Each structure stands twice: as C-alpha cells, then as structure tokens.
Amino acid sequence: MTFKKLIERISKEYRIDILSEGEDTELQDIALIDGKDTNIRKNTLYFGYDKQMNKTVFLHNCILACTGSGPLPLTTGCNAARVAEEELFSLFNMVKNLIETTRSKGIYEELTALADSSRSIEAVIDAASVRLGSFLVFCDMNFKIIAKSNSIPVHDPLWIENTVKGYCSYEFIHAVKDLTAIKNASMTTSAFEVVCSQSSNRKISCKVFHNKTQIGFLLMIEGDTPFLPSHFEMLRTISHAVSYTIAYYTPDLFEENSRYHELLYSMLIGAPAKDIANRLSSLTFPGRMLALYLRPARYLGQQYLKNYTSKALKHRIAETHVTYHKNGIAAVIPLPEEPDLFNKLPELLRDLAKKEYVRIGISYPFTKIENFVNHFDQAFAALELGQKLKSEEPICFYQDYQFFHLLTEAKSPDKLGSFCHPALAALRQYDHANNSQLYKTLCVYIEKGCNIKLTSESLFIHRNSLVYRLDRITEICGIDLSDINTLFLLRLSFLVDRYNELNTSIEWG
C-alpha cells in the first residue's frame, strides 16, 4: 500500500491534514519515532509527535500529532500528514493492521495480475524486487539464473559475478549446498536467512515449487534498504506468485531435463572429471561430433530458445543434445559420415539460423565427449569473433577464426600491427595517394591461392589488368610473390589487419 492510498483509506475515519507530499513510496512497515534517529527506512511509515522531530533527520513518510503552533522541521520531498493528538495511537493500531493485512495479499494480487498481462517471469521478478526494496534473483535447481531484478542493482560481489555470467560455478553450488541453513531448510515455501562467509550482505532465500516439486529458489540480497521482519512473509508470497506465473504462462520452463542436458550443463560450469566419468557410463554419444553455440540475432526471449529454436535443431538433426549456457544454446550434434549429408550440413544450419533468428558458432570435429567444453569454447569464440569482425555470415566455423582466436591471447594487442609485413603499409599509402586498389588486389590474390583466373573473376577485372597490378605491387613493395615465405607473412599480415579492423571496406572471402 502506498502512502497516498493509505491516507485516502484512513481519511474515511480520521481527520488527516497533508503537510508535505513527496515520492509516493510503497509502505512495508510501521514504527514509532523513538528519538534515536538511527536506521531510518524509506519504506517505513513513522508515527510520533512534532516535538520529536529532528532537523537533521529526514523521514520519508510520517504521521505526526502536533502539540505546538510553530512550523514543523519537515524536509522537502517527504510525505507527512497531521492527526489530532488524542487519535495518534488508535490510528497507529489501525494502520498497523491495514499494512499487515494487505501486505502479502496485495503483493500476490499485483504480481499475478502482472503475470496475466505480461506472461513474463522476468517482469514478475523485477516488480517483486521493487516491492521488497532489494535485489531479487530466481534460480533453477542447477543455480542457473532464470530471472533477476533490473530496477534494483545487486551490490554483493559474488552475485555481481554470477549475474554477469548468468549462472553459478560448480564449486560455488557445492559450497552453498553445504551451508547448514540450506541443509536444514524444510520442503516448504518458508523463507529463511542464509549466511555466507564469503559475503557480508545478508540474504533471505525461499524455495519455489511447481506441481509439488521444487524447481528453484528465490534469493533476496540486502542492499541499500535494510531487511525487515516482514520480508520473510513477503518473499513466501512472491514464491507463490512465481509458481502461478510458471504454471499458467511458462509451463515448459522447467520441463524435465534429460541426463544428457544435465551432463552437458555440469561440464560447462566446471564439474570435476571424476563426477563426469561416473555419469558417462550410462550415456551414448556419436562417434564424431561438433559442438555448436546458438545465440539469438534478435531478442525473442529465453523461452523462444527453449520452445522453438531447440526443438527445431533437434528436429533437423537427430541425436542432438542441448543445454542452455551464456544466454544461448550449447549443443552437441553428430557429424554425418555420408559425404552427401556432410556436405549438406552447413546449408542446413544456415537455413536454421535464418528461420530461427540465431547465429551459430561451430567447432572442429571431436570424438570424445570429455572434450566437449574445449570445443564449445571454440564455437563460442567463432561466434564472438565473427561478430567482432562484422561478418554477415549466420554460421561461423572455428577453422575460419582460429588464427584470430590466437590473436586474442596476445599480451599487447595494440602492438600486433607492428608485426605486419611493411608491404601492407606501403600499399595503403599508395592507394590513398593514387585512388587505386592495390592493397585489396594483393589481399584477394593471396586469398585465392595466387590463382590469376580466380582473382581476376573475384575483382571483376581482366587478367591482363591483374598482371599489371601485381607487377606494380612488386615494384612498389620490392617483394617476390613467388617466394612461399613472403606469401605466408603477407597472409598473416592481412589477417592481423582484419583483426585490427584497419580496412573494414574490404569484402573478405
């Protein structure tokens, strides 16, 4: 209940005079002014006498009984009202009952109404966070972040890192599960405080259920607004609202995960090899595989990935196994042995990317699932580098970006240009002065394997024109284009230039 709504409600039975109006805040608690002037809370309504007011303390919300005729020391921006002195305590009791009665009921009705209108678990969590006045995150049983508040930031260093990644590490999960509060928590929605030795921020947790099965948990992390005793009951109510949202609008969000899904996810978040080995014995993977990383090219929501993109991938390629990681899909697909199917795979994935509005990174082939994480990293790097290098291609093969991946490991990336062959700088300067295209000509010539026919066709010029340009290049740069070592250095130099985006106008093959 907000301050304005409360005043409107109690004005029906009491004479209330408004003294000051500020931000219409949501009231979560009620208290008496005790003169200590410590730990003033924005979402608390304070009752007291005008003579108790301290000029140095800013009360966001207060109802006062005025005993004098002088002006009150009210700060601009506060919500303040006046009531008769003899009615102060009866009004206090009435407001206390109002807030306690409507607090949880109001939150549930508000959040379920929001769920009905938005059909979004993210919107519900964000609105709940605002009502609590603290950061709120909703995780599944694997500690993957399903939704978090956007309106209120998190200050806890551990959870800043977790929210950036979108998931918690395997080590972190096991450390949390060993906490006494977690082990002793009942299988109900009762909220309880969690104490973590690695963080001083207070936390309250509450389980979330769907079809009588725990599917995740809510975690409220203290920030600028201190915790209140009422937050425990409020969090429990929010848990029910989240369950309502899932049941009616996102029932597939927690569809039963296969053992393959769980295994791949555990590997990606750092499960130890011995744990993985025990689970592999009952699972079967193809003899040759590719790792894929699919990321939305336009935002359609996480549910779209699960409800449509993932299913479309499995429908097109049998024996595909997926999990969800880094805001996208991590997948293992079989590599066809038949030449026809193998050759059709890129076009199949390209068509999928177009229809599902995703971009796809593709690893090198591998034969042992224990190597999945390394090959997922290849697929992820290919997609990241494809975007950095402004590739319009919807599928990115790691083999096309491996050298660029190597460049990302350079300790001083700003110095990479100093390792380029001097011929490139000479050609850039010549082209700038003479409005020519010798830099591009040499680049395409090397890309096409020094083939005159293919290069001239690619540049749309006559082969004689190409020969003339190549002669001019050797004259300007003083290089021998028949020397294999020179060609190798030139090839690497053009790749470094591309990585540094020094010539973004070139259409690379």
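Good morning, everyone. Please keep in mind that this model is predicted.

Let's start with two helices. Two packed helices are described by the angle between their axes and the distance between the axes. Take helix H13, residues 398-408, and helix H18, residues 484-499. They pack at an angle of about 70°, and their axes are 10 Å apart. That makes H13 roughly perpendicular to H18. The crossing of H13 past H18 is right-handed.

Which residues of H13 and H18 meet? From H13 we have Tyr401, Phe403, Phe404, Leu407 and Thr408. From H18 we have Leu492, Leu495, Val496, Arg498 and Tyr499. Sort the residues of this contact between H13 and H18, and you get eight nonpolar, one polar and one charged.

Now a second pair of helices. Helix H16 covers residues 452-459, and helix H17 covers residues 463-477. Here the packing angle is about 100°, with the axes 9 Å apart. H16 and H17 are therefore roughly perpendicular to each other. On the H16 side, the contact is made by Ile452, Thr455, Ser456 and Leu459. On the H17 side, Arg463, Leu466, Arg469 and Leu470 take part. The residues of the contact of H16 with H17 divide into four nonpolar, two polar and two charged.

Next, the rings. A pair of aromatic rings is described by the distance of the centres and the angle of the planes. Pairing needs centres within 6.5 Å. By this rule the count comes to 19 aromatic pairs. One of them is Phe372 with Phe376: 6.3 Å centre to centre, with 45° between the planes, a tilted pair.

Where do Phe372 and Phe376 lie? Both are in helix H12, residues 372-388. They are four residues apart, about one turn of the helix. Are they buried or exposed? Phe372 has 0% relative accessibility, so it counts as buried. Phe376 is buried too, with a relative accessible area of 1%.

Compare that with Phe404 and Tyr499. Their ring centres are 6.4 Å apart and their planes are at 10°, so this pair is stacked. Phe404 lies in helix H13 and Tyr499 in helix H18, so the pair ties together parts that are 95 residues apart in sequence. Phe404 is buried, at 1% relative accessibility. Tyr499 is buried as well, with a relative accessible area of 11%.

Rings can also form groups. Ring pairs link Tyr108, Tyr244, Tyr248 and Tyr249 into a cluster.

Now two single residues. Thr163 sits in helix H4, residues 157-165. Its relative accessibility is 15%, so it counts as buried. What is Thr163 in contact with, leaving aside its neighbours within four places in sequence? The partners are Phe135, Ile145, Lys148 and Val154.

Pro226 lies in a loop, between strand S10 (213-221) and helix H7 (230-249). Pro226 has 22% relative accessibility, so it counts as partly exposed. Setting aside neighbours within four places in sequence, Pro226 is in contact with Asn39, Arg41 and His231. Pro226 and Lys42 are 184 residues apart in sequence, with 9.6 Å between them in space, C-alpha to C-alpha.

One last look back. H13 is roughly perpendicular to H18, and H16 and H17 are roughly perpendicular to each other. The pair of Phe372 and Phe376 is tilted, whereas the pair of Phe404 and Tyr499 is stacked. Thank you.

Notes:
Residues are numbered from 1 along each chain as its sequence is written. This is a predicted model: local features need pLDDT of at least 70, side-chain atom pairs count only at pLDDT 80 or more; totals for chains, interfaces and linings use all residues. Side-chain values use heavy atoms; hydrogens and water are left out. Helices (H or I, at least four residues) and strands (E, at least two) are DSSP runs, numbered from the N terminus. Buried means under 20% relative accessible area, exposed over 50%, partly exposed in between (1.4 Å probe, protein chains only). Contact means heavy atoms within 4.5 Å. Axes are lines fitted to C-alpha atoms, for helices over the stretch in contact, and angles run from 0 to 180 degrees between N-to-C directions. Angles under 35 degrees count as roughly parallel, over 145 as roughly antiparallel, 65 to 115 as roughly perpendicular and the rest as oblique. A crossing is left-handed if the near helix is turned anticlockwise from the far one by less than a right angle, and right-handed if clockwise. Ala, Val, Leu, Ile, Met, Phe, Trp, Tyr, Cys and Pro count as nonpolar, Asp, Glu, Lys and Arg as charged, and the others, Gly among them, as polar. Rings of Phe, Tyr and Trp (its six-membered ring) pair if their centres lie within 6.5 Å; planes under 30 degrees apart count as stacked, over 60 as edge-to-face and the rest as tilted.
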